[in-house]
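Thanks for coming. I will go through one chain today, from its overall make-up down to a few residues. Please have a look at it first.

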Amino acid sequence: MARVTVEDCIDKVDNRFDLVLLAGHRARLISQGAAITIDRDNDKNPVVALREIADETLSPDDLKEDLIHSLQRHVEVDEPESEGSNASGQAEELSADEQDADDMPEAIPFDQMSEEELRAGIESLVPPEKGDDY
């Protein structure tokens with residue numbers, strides 16, 4: 001079995017850190033059942049991933065795009081322009097504050113009490129009876 005070294009892959013992926021990220025991502029894809037593009041030769045998934053990168057059977061740019069896509073939590077979708085557009089032909093958009101105001105629930109009303117009412121409420125509290133714990 002021929003060993004795969006970083007030097008075999010570094011001319012395909014310039015940054016060693018990026019190489020580790022891409023090979024790790026590809027190894028996880030292989031372990032999830034993705035088809036491999038080279039002979040396995042009884043190698044483990046990380047070695048197969050490095051060999052695929054070194055043999056250029058996979059494009060590092062495609063792997064990088066796939067890695068970025070897998071890490072995204074919110075994928076933006078291009079939507080067609082809405083019917084309501086202003087005079088310049090651009091759709092009117094709400095500012096971030098207006099959007100946040102729309103998303104927030106109505107203000108919850110709170111009971112308000114005066115200082116005298118608070119003092120009277122506190123004075124009406126009965127202190128706990130002294131027992132063995134005190």
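Let me begin with the surface. The chain has an accessible surface of about 11,800 Å², and carbon and sulfur atoms account for 49% of that. Areas of this kind come from the Shrake-Rupley method with a 1.4 Å probe, and for residues only the protein chains shown count as cover.

A word on the source. This is a predicted model, where local features need pLDDT of at least 70 and side-chain atom pairs count only at pLDDT 80 or more, while totals for chains, interfaces and linings use all residues. Residues are numbered from 1 along each chain as its sequence is written, and side-chain values use heavy atoms, with hydrogens and water left out.

Now the overall make-up. The chain contains 6 helices and 0 strands, so called because helices (H or I, at least four residues) and strands (E, at least two) are DSSP runs, numbered from the N terminus. Along the sequence the pattern reads α-α-α-α-α-α. Of the 134 residues, 16% are buried. Buried means under 20% relative accessible area, exposed over 50%, and partly exposed in between, with a 1.4 Å probe and protein chains only. If we take contacts between residues at least 6 apart in sequence, 41% of them join residues at least 24 apart; a contact means heavy atoms within 4.5 Å.

Next, helix α2, residues 16–31, which holds Ala27. Is Ala27 buried or exposed? Ala27 counts as buried because its relative accessible area is 10%. Apart from neighbours within four places in sequence, Ala27 touches Asn45, Pro46 and Ala49. Between the C-alpha atoms of Ala27 and Val48 there are 7.4 Å, although 21 residues separate the two along the chain.

On to salt bridges. A salt bridge here is a side-chain nitrogen of Lys or Arg within 4 Å of a carboxyl oxygen of Asp or Glu. How many salt bridges does a search of the whole structure find? The search gives 5. One of them pairs Glu52 with Arg26, with 2.6 Å between the closest N and O atoms. Glu52 is in helix α3 and Arg26 in helix α2, so this pair ties together parts 26 residues apart in sequence. Both partners are buried: Glu52 has a relative accessible area of 0%, and Arg26 has 6%.

Another salt bridge joins the side chains of Asp41 and Arg51, at 3.3 Å from N to O. Asp41 sits in the loop between α2 and α3, and Arg51 in helix α3, 10 residues apart. Through shared partners, Asp41, Asp43 and Arg51 form one network of salt bridges. Arg51 is buried, at 12%. Asp41 also has a positive phi of about 55 degrees, although it is not a glycine.

Glu56, in the loop between α3 and α4 (60–71), likewise has a positive phi, near 60 degrees, and is not a glycine. Glu56 is exposed, at 55% relative accessibility.

That takes us to the last topic, patches. Patches are made of residues with over 30% relative accessible area and no salt bridge; like charges are joined within 9 Å, and nonpolar side chains (Val, Leu, Ile, Met, Phe, Trp, Tyr) within 5 Å. Met113, Leu118, Ile122 and Leu125 make a nonpolar surface patch of about 430 Å². Met113 lies in the loop between α5 (96–103) and α6 (115–123) and is exposed, at 54%.
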